[in-house]
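Below is a short report on one model, written for reading beside its sequence and structure.

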Amino acid sequence: MLSSIVARRLVTGLHRAAWRPAVTGLVSSRGYRGDAPDDTRGDLIEIPLPPWEDKPSESIDIKRRRLLYESRKRGMLENCILLSLFAKRYLNTMSEIQLQQYDRLINEPSNDWDIYYWATQAQPTPDVYKSEVMDMLQEFTKNRDHEQRLDAPNLEYLDKESQ
C-alpha cells in the first residue's frame, strides 16, 4: 500500500515537472550548421587516410584473421554488428578473390556510412565496389530469416572451429 502511494506521488511529480513552462527569452546561438542553406562546409576537416593496398604476400589465414578483426572494429556500431556477423557467416568460406574484394570494400572507403548505405541499398554502390561480395553483403543485410542482430557475435565460435 505504501509503495503504491510513493509511486503515485513520484509519477505525479514527474508529470507536473514536465508541464512547467520553459524559461523564455533565452535563445541559443549554437546549432547544427550542416543543414543551413548557406553552409559552405569551409570548416569541414578531411582527415587524409593512407590509401588501401592489397597485401598479396599475406597468407590466407592471416588475411581472414585481419579481416575478422577489421569487421568487428569499425567507426560505427551499425557496421560493427553488420560486418562482424557477415564475417562470421562467410569469411571462412570465401575464396582468395572474394577475400580481396571484401578487404577492399571494408578498407578503401574512408567513410563507414558509405559502406552501410551501399550494403542497405539506401544509395547506389559505386562500380568499383560492385562485386560478388557486395551482392552477398546486400543479400545478408536484407535479413530474410529475421535473425536478431543486436550485437557483434561472441568470439567463442573461433575456438570451436580451431578444434
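## Confidence

pLDDT is the predictor's confidence in each residue, on a scale from 0 to 100. This is a predicted model, in which local features need pLDDT of at least 70 and side-chain atom pairs count only at pLDDT 80 or more, while totals for chains, interfaces and linings use all residues. Residues are numbered from 1 along each chain as its sequence is written, and side-chain values use heavy atoms, with hydrogens and water left out.

The chain has a mean pLDDT of 78, with 71% of its residues at 70 or more. Among the helices (DSSP runs of H or I, at least four residues, numbered from the N terminus), confidence is lowest in α1, at a mean of 48, and highest in α6 (residues 132-141), at 97.

## Two contrasting positions

Asp112 belongs to helix α5 (residues 112-119) and is buried (under 20% relative accessible area, with a 1.4 Å probe and protein chains only), because its relative accessible area is 12%. Leaving aside residues up to four places away in sequence, Asp112 is in contact (heavy atoms within 4.5 Å) with Arg74, Gly75, Met76 and Asn79.

Ile47, in the loop between α1 (2-18) and α2 (60-72), is exposed (over 50%), because its relative accessible area is 62%.

Note on methods: Helix = DSSP H or I, 4+ residues; strand = E, 2+ residues; numbered from the N terminus.
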